[in-house]
Amino acid sequence: MLKCLECSYRYASGGGITQFSADFQLGKMYGLLGPNGAGKSTLLKILSGNLTPSQGKVLIDDKNLHKLKQAEKITYVSYLPQTISCEFDYTCGQVVEFGRYGYSNFLPKKSDHEAYIRIMEEMNIKYLENRKVSQISGGEFQKIMIAQTAVQMAKIMIFDEAASHLDILCQNEILHYLKSNVKTKNIAVIISIHDISLAACYCDYLIFMKSGFKIAEGQTKEILSTSILSTVFGINSDIITYDGNKIPIVKKI
C-alpha cells in the first residue's frame, strides 16, 4: 500500500534519515521506536507527504505521494504532528470538523457534519462538542486532534507521539481506539511511540531506528528482544509474556 524506497533527508544542523526503506500494509498498526534524534519525526513527515526526501521516494498504490494533488493526497494519508496548538478559541466540534475541509472547499456539507459527530461518538468525546478548546485538559485536546485526523477518513493515519505526555488511562484509550480502527475500517496506522510496553501491546509491527537508520523491523511478537532494546536504547531489560504479548521490563541502571 505505502512504500518508502531508500529515502534520505539530512538537515544542515544534523539529524534526519539515511536510505530508509519499508512497506506499510492496510490492516496493521505500526510502531516506530527509537531514542530522541533517531529520525522518527523526519520519517513521518516524509511518509505523510509534508517533507520531500532529498533522495528516494514514497509510493502509495504505486503513485508518487509527493506528486499527488492535495485533493487526492488527503484520501490516502492523514497526519498529526508531534506539536500542535490552536490559535483561536474554537469549539471542539469545530476543530474536529476542520479535518473535513479538504473535501468541502471550506464550505462544510451535511455529510461532513455527520462524519465529525460520528467520530466524536466513537471516541466517547461527544460531550466536548460545544466546549471551547481553552476549557479542556491536555488529554482531551489530544483526543480532539486525533478525532480531527481520523475524520479525514484517509487510508493511512500517521501520528507523531500521539500518546506522549498523557496519563496511563488516556494513552490506553487513544491506542485502543486507533487499533480498533485498523481492524474494523481496514486502514493502516503508523505511530511513533516512546513507551515500549504500550507499543508491544497495541502494535502489530515494530520498526526500530537509531541515528537516522533503520536498525530492525518485524512482527512485534518476533522482533521484540533484549538485544534489540540494548542496541537501540542502550538499556538492560527482561522480556515477559503476558496475555500473548511480549512485555519489556527495563532494569535499573
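1. In what order do the strands of the open sheet of 6 strands lie? The order is S6-S7-S8-S3-S9-S10, and the pairing is mixed. Two strands count as paired if DSSP finds at least two bridges between them. Strands are DSSP runs of E with at least two residues, helices are runs of H or I with at least four, and both are numbered from the N terminus.

2. Before you go further, a word on what you are looking at. This is a predicted model, where local features need pLDDT of at least 70 and side-chain atom pairs count only at pLDDT 80 or more, while totals for chains, interfaces and linings use all residues. Residues are numbered from 1 along each chain as its sequence is written, and side-chain values use heavy atoms, leaving out hydrogens and water.

3. Strand S6 (77-80) and strand S10 (213-219) are the edge strands, each pairing on one side only. From one strand to the next, the twist averages 15 degrees. Axes here are lines fitted to C-alpha atoms, for helices over the stretch in contact, and angles run from 0 to 180 degrees between N-to-C directions.

4. Next, look at one pair inside the sheet. Strand S3 (residues 29-33) and strand S8 (residues 188-192) run parallel and are joined by 4 bridges. Tyrosine 30 stands opposite isoleucine 190 in S8.

5. Helix H10 (residues 226-233) lies across S3, strand S9 (205-210) and S10, running at about 35 degrees to S9. Contact means heavy atoms within 4.5 Å.

6. Helix H1 (residues 40-47) is worth a visit too. H1 is mostly covered, with 6 of its 8 residues buried; buried means under 20% relative accessible area, exposed over 50%, and partly exposed in between (1.4 Å probe, protein chains only). The buried residues are Lys40, Thr42, Leu43, Leu44, Ile46 and Leu47. Just after H1, glycine 49 takes a positive phi of about 85 degrees.

7. Finally, step back to the whole protein chain, which has 10 helices and 12 strands. Its C-alpha trace spans about 50 × 40 × 35 Å along its principal axes. The radius of gyration is 18 Å, which agrees with the value near 18 Å for a compact globule of 253 residues; this radius is taken over C-alpha atoms, and the globule rule is 2.2 Å times the number of residues to the power 0.38. Buried residues make up 51% of the 253 residues.
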